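Visitor: I have a structure to look at and have not seen it before. Can you take me through it?

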Amino acid sequence: MTDLLEHARWEEPSWEERAPGPRRWPRVLLGVLLALGLVYLAAAWWLGDRIPRGTTVAGVPVGGQDAGEAGATLGRALAGADTTPLTLTSRVGSARLDASAAGLSVDVPATVRDLTGFSLAPTDLWHHLVGGTAQPAVVRVDEAAFVKAVEGVRERLDAAPKEGSLSLAGGTVAYVAPTPGVVTDVQGTMAAVRRWWPGQDGVEVVAATTPAKVSASELERVRDEFGRVAVSAPVTVEAGDRSFRISTANLATAIVLTPDADGTITPRADDAKLRAVVHKGALAAKLEAPAQDAVVTFRGLTPTVTPQVVGVALDDAAISREVWKAITSADDRTATIPTRQVQPAFTTAAATASLPTGVISTFTTKFPCCQARVKNIQRGASVVDGTYVRPGEQFSLNAVLGDTTTAESGYVQAGIIRYGRAAMSYGGGLSQVSTTVFNAAFFAGMRLDEWTPHSYWISRYPEGREATISYPDLQHKWTNTTQGGVLVKATTTGTSITVTFYGRKTYDVTATKSARYDITKPEVIVDDSPDCLPQNPVDGFTVDVGRIMKQNGKVVKRETFTTKYVPEDDVTCTNPKPVS
């Protein structure tokens, strides 16, 4: 009998045991990978001795060649590379270098090693499959030689920055953009040469740029925001019911566009120029009238005072403010300026108060009669006579006499001193006028500004207290420092000239004189030149002249003037017809 309980011994399959299929796939995958790896290794080993097809080195085809073939090919092709000039170029120029002198050479074995040999790099295998690329040669560089070579041609490769400009001259906006400078980077250039030489005989340098002080953007900003507005139209100046226009060209002369230290530009006005431009226009348009000083004239010794005239002018502060505002406005180009009265420098009251009250000094010098120079003395005295010097005004004898050196001036040729020797010239003898005026000024207490004694002493003049003159170089100037105006009167006789100052007595003046010292003897000269003039010998010497100025009995000023005279040489003329 069948044991019904046999079912109880039937064993169910255990669900914890793995199915046979899924347990084999990792081993299969591993096997596949190992196989592929072996294939990859075999391919890398087999291809390692050959250069990928299509590969070039410095332009030389070496694709498909083994190491030996490639070495031979490159050796032949690049054998003369170091004798080929290398041209460096920059934005501003170029320079040729001797490659050998610059320390450049090609390392062919190293180049080949870089292209061949066992490699597991996927890119290397990829290049074998799809083809190689252009490769640089391995370049050896003697860095010291390369640096020396580049520094030697730097001036042809580098350039300083060139500043741009912005001008409104003539009322027209003119803009020139700045150009940055170039400074060659030697190390960077060396890397570029290693990459491109000898495949290229020209390599662009690696360079840094140096900016101009004022950038293009700043110049363009000022041009757009200010310049075009400033000269967009003339400016109209109104004063009361009158007006005039100032052209953009004239406005431009007063505009300053000088950059600051940080390269920014703040447009501003040159106030002096701006006011001058406006005043000139106002005068032309009769918006302004200059003040006129009172004028003192004399008929004999009787004075007449022509009254002052008060002037009218535009207000300077308003010009600077309102005209500049109009210059910077695109819409309102009108400036309204108030006027002001302008008082003359020499008023009627001052002129009247300074009229002469009497003689304050007088001086006379004498001369031989009947010489040609006497005509010049008399003419010069007539010109000086009647000159009025206002208080504080400077007197200039050359300004009063004018050009005395031509026949047209009305003067004749007479004796002068030229380079220490007697000579002839138009206006000779005017030193007599100058010396006489000088002494009148000396004893009136005038401030003696500029004068020149004769080179050697002339007996008709006071030692150390005389002044020669020559137009236009030798000056005779003094300033009226007395309390009133001075009328200069000059009279002559056939043997003398007297100069008298009429004014307001301010100083009591006395003169002192030292004994002569540093005496030097003249030389004896025999001269046969046709223009020789004889001279009588006079010792040279030095002398000190003192001036003591008193007011109300008290000394207010002491002065000392030292004059050094050279000797007047003893000159004998042997020419049969000496100049008369």
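Guide: Start with a helix. Arg221 and Glu218 are three residues apart in helix α8 (residues 216-230), so about one helical turn separates them. Helices here are DSSP runs of H or I with at least four residues, strands are runs of E with at least two, and both are numbered from the N terminus. This is a predicted model, in which local features need pLDDT of at least 70 and side-chain atom pairs count only at pLDDT 80 or more, while totals for chains, interfaces and linings use all residues. Residues are numbered from 1 along each chain as its sequence is written, and side-chain values use heavy atoms, with hydrogens and water left out.

Visitor: How many salt bridges does a search of the whole structure find?

Guide: The search finds 18. One of them joins Arg154 to Glu151, with the closest N and O atoms 2.8 Å apart. Arg154 is buried, at 18% relative accessible area, whereas Glu151 is partly exposed, at 39%.

Visitor: Which residues are linked in a network with Arg154?

Guide: Glu151 and Asp158 are linked with Arg154 in a network of salt bridges.

Visitor: And what about Asp539, which side chain does it meet?

Guide: That of Lys521, in a salt bridge with an N to O distance of 3.0 Å. Asp539 is in the loop between β33 (524-527) and β34 (540-551), and Lys521 is in the loop between β32 (517-520) and β33, so the pair ties together parts that are 18 residues apart in sequence. Lys521 is exposed, at 61% relative accessibility, and Asp539 is partly exposed, at 23%.

Visitor: Change of topic. What domains does the assignment give?

Guide: Domain 1 covers 32-158, domain 2 covers 218-351 and domain 3 covers 356-573. These bounds come from an automatic or database domain assignment.

Visitor: How far apart are the C-alpha centres of domain 2 and domain 3?

Guide: They lie 45 Å apart. Seven residues from domain 2 and seven residues from domain 3 take part in the contact, where contact means heavy atoms within 4.5 Å.

Visitor: How much area do domain 2 and domain 3 bury between them?

Guide: About 610 Å², with 75% of it on carbon and sulfur atoms. Buried area is the accessible area (1.4 Å probe) that two parts lose on being put together, summed over both. On the domain 2 side, Phe298, Leu301 and Phe346 supply 68% of the area buried against domain 3, more than any other three residues.

Visitor: How many salt bridges does the rule find across that interface of domain 2 and domain 3?

Guide: The rule finds one.

Visitor: What classes of residue are on the side of domain 2 that touches domain 3?

Guide: Five nonpolar, one polar and one charged. Nonpolar covers Ala, Val, Leu, Ile, Met, Phe, Trp, Tyr, Cys and Pro, charged covers Asp, Glu, Lys and Arg, and the others, Gly among them, count as polar.

Visitor: Where is Tyr456 found?

Guide: In the loop between β27 (447-450) and β28 (477-479). Tyr456 is buried, at 5% relative accessibility. Its C-alpha atom is 8.3 Å from that of Lys564, although Tyr456 and Lys564 are 108 residues apart along the chain.

Visitor: What is Tyr456 in contact with?

Guide: Leaving aside neighbours within four places in sequence, the contacts of Tyr456 include Ile417, Arg421, Gln535, Tyr565 and Pro567. Gln535 is also among the contacts of Asp569, along with Pro522, Glu523 and Asn536, under that rule about neighbours.

Visitor: Where does Asp569 lie?

Guide: In the loop between β35 (554-565) and β36 (570-573). Asp569 is buried, with a relative accessible area of 15%.

Visitor: One more. Which strand does Thr236 lie in?

Guide: Strand β13 (residues 235-239). Thr236 is buried, at 18% relative accessible area. Not counting residues up to four places away in sequence, Thr236 touches Ser243, Phe244, Arg245, Arg333, Thr334 and Ala335.

Methods: Buried < 20%, exposed > 50% of the residue type's maximum accessible area, 1.4 Å probe, protein only. Salt bridge = Lys/Arg side-chain N within 4 Å of Asp/Glu carboxyl O.
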